[in-house]
Every structure is written in structure tokens, then in C-alpha cells.
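Thanks for coming, everyone. Could we have the model up on the screen, please? I'll talk you through a few spots in it.

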Amino acid sequence: MRKEYSKLNRVEMSIWECCELLNEVVDESDPDLDEPQIEHLLQTAEAIRKDYPNEDWLHLTGLIHDLGKVLLLPSFGELPQWAVVGDTFPVGCSFDQANVHHKYFKENPDYYNPAYNTKFGVYSEGCGLENVMMSWGHDDYMYLVAKENNCTLPSAALFIIRYHSFYALHKAGAYKHLMNEEDVKNLNWLHVFNKYDLYSKSKVRIDVEKVKPYYLSLIEKYFPSKLRW
């Protein structure tokens, strides 16, 4: 999947165009399904903006963190839901019991492979999450797009984009033995972000046209006008 999608040869479009495209996506695992996706993104971003007015990078991260869900659309390969949304987890080491539906990992041959089924597996203590292969999903795809298109968001933003579905880590504290010092700092920001992600919808509808100029200015600050996807 990484080899295929790292070609970034699907389409060229702006971040905002992708936000609008996400309205066509239905994430069956998302508890916030009753409004268009772009409103969920903006509600997340606006809630962060209210509480952290000086962290504009975090506002933008709230807006774009789920854009990788376009993988569900036909023009992006129409991947199945299980391969795009839901929890992510490391491969190449033992599957921690904190992973959702842990009992089903016994169906995975890696569960019995002595090269992969120990605490560290193919990794070493403190090796850094950037050196750990995660299960494929919308997180890693959007991280790939952001990085390869030379966005200038800080590392904490890229960390949030890449690991916001890694619930075993940020909910249960599993796999911390693989983290380095930078990961530890960035995890603090992920904990902040996570309070605004799921169940972030409020009864107050977002006026998209009203807030759009602000987010377009942030996109211009941190991203090129067109990105390869």
C-alpha cells in the first residue's frame, strides 16, 4: 500500500478542494455522521481555535487530520472501510492487548512468528515511532501526502495526523517503549487534540463561508497551492 500510494499520482488538488471532496465520504466507524464531513472538520478546528487561539498550526491540523479518508472514493482506489478507518497498530512486534478486538489477532500469522511476536520484535527500545511500521489507513496516507508535498507544519502536527487513530498508544499507553524523546513531547499535543476529535459535534452549525477565509490563509501559510495525492 505504501509503495502504491507513495507515487502520489492520483490527482492534483488543493487542501480545500480535498475538504470539499470529503463530503462524499461516509466513514461507518465515525460517531459523527449526521452532518457533512467538512462541518465535522471545521467544528473540530473551531473548537481547538477557541481554546488555543495562538496555535494556528493546531487549528489547521484539526481541519485536515481526516483528509486521508478520500481513500474510500473510487478515484483513490475505493479501498474497503477496514483498510482506511478505525484503529491503527504497529506491525513487526507483538500485538498489545490494548488493541481493539485483540482476540482476532490470533488469525494473523505474525502472531506466531518468533521474529515479530516479542515485545520489541524487529525494533529496539526508544527507536522512535517514525521507524515503526503501522497498519495502513487514512492516517498514514495523509501523513505521506503532507510530508511529500513539503508542508511546513511542525512535527507535532504531523504526529497528530499520523497517529490520531493509534488508540492503543494515546488511550491505553501501550507501545511507549518504542517512543523517542520527540515522540514523548508530541504525544502531549496528541492528547490535547484527541479531546476535540471524536464526538466534537455541537448543535451550533458552522457557517462554512464565514470561516473559510481564515482556513484558506492557514493552508496558504503551511501548504503549496496544489498537492499531489
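So, His164: setting aside neighbours within four places in sequence, His164 is in contact with His65, Asp66, His138, Asp139, His170, Leu190, Phe193, Asn194 and Asp197. Contact here means heavy atoms within 4.5 Å. Before I go on, this is a predicted model, where local features need pLDDT of at least 70, side-chain atom pairs count only at pLDDT 80 or more, and totals for chains, interfaces and linings use all residues. Residues are numbered from 1 along each chain as its sequence is written, and side-chain values use heavy atoms, with hydrogens and water left out.

Back to His164. You'll find it in the loop between helix H6 (155-163) and helix H7 (167-170); helices are DSSP runs of H or I, at least four residues, numbered from the N terminus. Is His164 buried or exposed? Buried, because its relative accessibility is 2%, and buried means under 20% relative accessible area, with a 1.4 Å probe and protein chains only. Its side chain also makes a polar contact with the side chain of Asp66, at 3.1 Å. By polar contact I mean a pair of N or O atoms within 3.5 Å; within protein, one must be able to donate a hydrogen and the other to accept it, and residues adjacent in sequence count only if both atoms are side-chain atoms.

Now His65, one of the residues His164 touches. His65 sits in the loop between helix H4 (56-64) and helix H5 (138-148), and His65 is buried too, at a relative accessible area of 0%. Leaving out residues up to four places away in sequence, His65 touches Leu41, Thr44, His138, Ile161, His164, Phe193 and Asp197.

Some of these names come up in UniProt: an unreviewed entry lists His40, His65, Asp66, His138, His164 and Asp197 under "binding site". Those positions are in the numbering used here, feature names are shortened, and annotations may be inferred rather than shown by experiment.

What about helix H6? It's mostly covered, with 8 of its 9 residues buried. Those buried residues pack against H4, H5, H7 and helix H8 (181-197).

Last stop, Tyr222, which is in helix H9 (residues 208-222). Tyr222 is buried, at 10% relative accessible area. Beyond residues up to four places away in sequence, Tyr222 touches Asp56, Trp57, Leu60, Cys151, Thr152 and Leu153. With Asp56 there's a side-chain to side-chain polar contact, at 2.7 Å.

Notes:
Helices (H or I, at least four residues) and strands (E, at least two) are DSSP runs, numbered from the N terminus. Buried means under 20% relative accessible area, exposed over 50%, partly exposed in between (1.4 Å probe, protein chains only).
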